[in-house]
Amino acid sequence: MGADGADAFADKVENNKKAGVHFDPARGLVPLRVWAQEWLERRVIGESTRRNYEGFIRNHLVPRLGRKTLAGLARRDFEEFAKDVHASGAGLSVSTVNDRMVMVAAILEAAVADKRIPDNPARGVRISRAVPCAVDEDEIPTLGEVDLIAAHIAPQYRLAVYLQSGTGQRTSEVLAFSAECRRSGFVRIRWQVSAKAHRSDCRTVFVPLKHRTEGEYRDVPAAPFVEQEIDAHLSRWEPVAVTFPGQRGKRRRLETFFIPSSRGKGEMPTASTYGYHFKKACVSAALVDADGKAKYTPGSLRHFFASTALGAGIPIHEVSRWLGHKSIKTTVDIYGHLVPESWDRCRDIMQTAFAPAA
């Protein structure tokens, strides 16, 4: 603990003495890595939760702050820690990082209760969810480019390209596509592949949709060409049955389209595997940037779906529902500038206002 930290801690001790709160400062000299482990061992929690907590403590908390003593920790340590974890590329979303920070705050709160530190420096530390940025038109492939990607991608993922570009599904959703999704004239999206599906300790390979609970779903219109691509896929690959436990304990069964029938490197397809084939297809089709890297990502196909629908005059609230956004504000932030009627209407109004005779 530096001079400033020592002075601040001494001030806290003195203030607590005046307030009638007494504790031994030496009790705060325990390293955070030791205290966190002791805290975890005392928790009565489910095995899945315990594994998540252990992984976060081992992979993130201890390497960054584990050597510091409880008394030597300040709020800025945890604010910087939360931002660093999210920016590290570890694949943790804002909501996941904030959820883990609740756990970290609980660890420090236990130290307060045990009179090892006077207050909790991690209490209330969160990172803000980034405001969605408007999509750049250059990030949206043309129809011809979508067809090129589909033609060059590994054949088993051709259908995934057209499901994303034709129905706007997320990568995790399209990889969970199954026979139950196919309906007459539309697709029903109910599940997505868990981010942990490829791990041996994964409890369930399929989880509810983003922002949704188990049992909820969304329906998206499916054009005839999507039906044709599904038929073409099924003519080459039969669905593979997967049984898994739902979050409510009920056993579920899906006839999945993208799980390999011969178990190889992994039973479940992953976003990284699909992303690898997608980038490879872009390069093969010469859809690259100035550095020779893939010009598009799988998310670009959702942009294609949204921009095509909006450009044809489909109401943005319908597109928002089909994309599965939590709020229409998200859709407006990302795609609002692609709604043609507003541009045309503005031009007409301003022309009438400034040159009514014309």
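Which residues make the nonpolar surface patch of about 350 Å²? The answer is Ile-349, Met-350 and Phe-354. Welcome to this predicted model, in which local features need pLDDT of at least 70 and side-chain atom pairs count only at pLDDT 80 or more, while totals for chains, interfaces and linings use all residues. Residues are numbered from 1 along each chain as its sequence is written, and side-chain values use heavy atoms, with hydrogens and water left out.

**The surface patch**

- Phe-354 belongs to helix 14, residues 340–354; helices (H or I, at least four residues) and strands (E, at least two) are DSSP runs numbered from the N terminus.
- Phe-354 counts as exposed because its relative accessibility is 69%; buried means under 20% relative accessible area, exposed over 50%, and partly exposed in between (1.4 Å probe, protein chains only).

- In helix 2 (residues 32–42), the buried residues are Leu-32, Trp-35, Ala-36, Trp-39 and Leu-40.
- Seen down the axis, these buried residues of helix 2 fall within an arc of 135 degrees (taken from the directions from the helix axis to the C-beta atoms), so they line one face of the helix.
- Among the elements covering the buried residues of helix 2 are helix 3 (47–65) and helix 5 (94–113).
- Helix 6 (residues 143–152) has Glu-145, Val-146, Ile-149 and Ala-150 as its buried residues.
- They lie on the same side of helix 6, because they cover an arc of only 140 degrees around the axis.
- Leu-143 and Ala-151 are exposed on the other side of helix 6.
- Helix 7 (158–167), helix 10 (271–284) and helix 11 (299–311) are what the buried residues of helix 6 pack against.

**Strands and their partners**

- An open sheet is formed by 3 strands in the order 1-2-5, with antiparallel pairing; two strands pair if DSSP finds at least two bridges between them.
- Strand 1 (182–183) and strand 5 (218–221) stand at the edges with a single partner strand each, so one side of each has no neighbour in the sheet.
- Strand 2 (residues 186–189) is joined to strand 5 by 4 bridges, and Phe-186 has Pro-221 in strand 5 as its bridge partner.
- Strand 6 (residues 240–245) and strand 7 (residues 251–256) pair in the antiparallel sense over 6 bridges, with Glu-255 in strand 7 as the bridge partner of Ala-241.
- The hairpin of strand 6 and strand 7 has 5 residues between the strands, and Gly-249 there takes a positive phi near 90 degrees.

**A loop residue**

- Lys-196 sits in the loop between strand 3 (191–193) and strand 4 (206–208), and is partly exposed with a relative accessible area of 30%.
- Leaving aside neighbours within four places in sequence, Lys-196 is in contact (heavy atoms within 4.5 Å) with Asn-52 and Cys-202.

Notes:
Patch = residues over 30% accessible without salt bridge, like charges linked within 9 Å, V, L, I, M, F, W, Y side chains within 5 Å. Areas by Shrake-Rupley, 256 points an atom, 1.4 Å probe, with all protein chains shown as cover. Salt bridge = Lys/Arg side-chain N within 4 Å of Asp/Glu carboxyl O.
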